[in-house]
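Have the viewer open as you read.

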Amino acid sequence: MDKRALEWDYEIEGKDFRNAGKVSSKVKEILKELGFDPDFVRKVAIASYEAEMNVVCHAEKGRLHFAILPAVLKIVVEDRGPGIPDIDLAMQEGYSTAPPEIREMGFGAGMGLPNMKKNTDELNIVSTVGEGTVVEMVIRPPLSREGSG
Amino acid sequence: MLWEPVDLQLEIEMAEAADLMSDVLTQSIGGELLLTGLVNSHVIRTAEMVDIKAITFIHGKRPDEKTISLAKQKGIPLLATKLFLFEACARLAMRGLTGSSGTIW
């Protein structure tokens, strides 16, 4: 197995709704090109898109780091923003602090973090109020690829 | 049709309807056709993420040019109907389209 990790870094601009989703679109294209299972690609794309939208909706700016490691796929989204005061509360389905303009776009239903949990094998959130949030997601491909066993 | 690829060959068996993109993103089995009353570019992005193959805008609503051009880029055909959401869905269901449970009746 190739020990080299494949890694990418993308910037995410807060409140840039026109370009929101571009980064996750790239993540999805990369995985598709590499021939990953379509259901796995869909799960990763959803988790990445939810995380990206959170940065666009709530933060000033952020960065998505995406790495294909030998056995797992890892996405780390860091932002500079208001932070999450109560992560347990934010994890509850339906809890949202999104302003009306975000809801008008079809988001802000309080499903983002729970949906990230649903589509990933590990979800870790570290947040400091007034500074920002780091979301780390680990997703395992359905079958370990040849030679990684 | 608002836009379709020249070589459009698409077979659709399963549809879903939502105005809330969060709902589309939380479906564990996605529909192939999305009916929606939302017309912004996030509809296209959301469709792209969950492998939706075509989008129908209901109630005579039309997306702007930028949204249409994003759909072109992603190869997602766009349709429009004057029907409201319920009637558009009902007509498709009567012609045999199912939802994510795989059955309508």
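Let's start in chain B, where the axes of helix α2 (residues 41-49) and helix α3 (residues 65-74) come within 8 Å and cross at roughly 15 degrees. Axes here are lines fitted to C-alpha atoms, for helices over the stretch in contact, with angles running from 0 to 180 degrees between N-to-C directions. Helices (H or I, at least four residues) and strands (E, at least two) are DSSP runs, numbered from the N terminus. α2(B) and α3(B) are therefore roughly parallel to each other, a label for angles under 35 degrees. On the α2(B) side the contact is made by B:Ser41, B:Ile44 and B:Glu48, and on the α3(B) side by B:Lys66, B:Thr67, B:Leu70, B:Ala71 and B:Lys74; contact means C-beta atoms, placed from the backbone, within 7 Å.

Keep in mind that this is a predicted model: local features need pLDDT of at least 70, side-chain atom pairs count only at pLDDT 80 or more, and totals for chains, interfaces and linings use all residues. Residues are numbered from 1 along each chain as its sequence is written, while chains are lettered from A and ligands numbered from 1 in the order in which they are written.

Now for the two chains together: 17 residues of chain A are in contact with 15 residues of chain B. The largest share of chain A's side, 5 residues, comes from α2(A).

Finally, check the loop between α2 and β3 (54-57) of chain B, where B:Asp51 sits. Phi of B:Asp51 is near 65 degrees, a positive value in a residue other than glycine.

Note on methods
Parallel < 35°, antiparallel > 145°, perpendicular 65-115°, else oblique.
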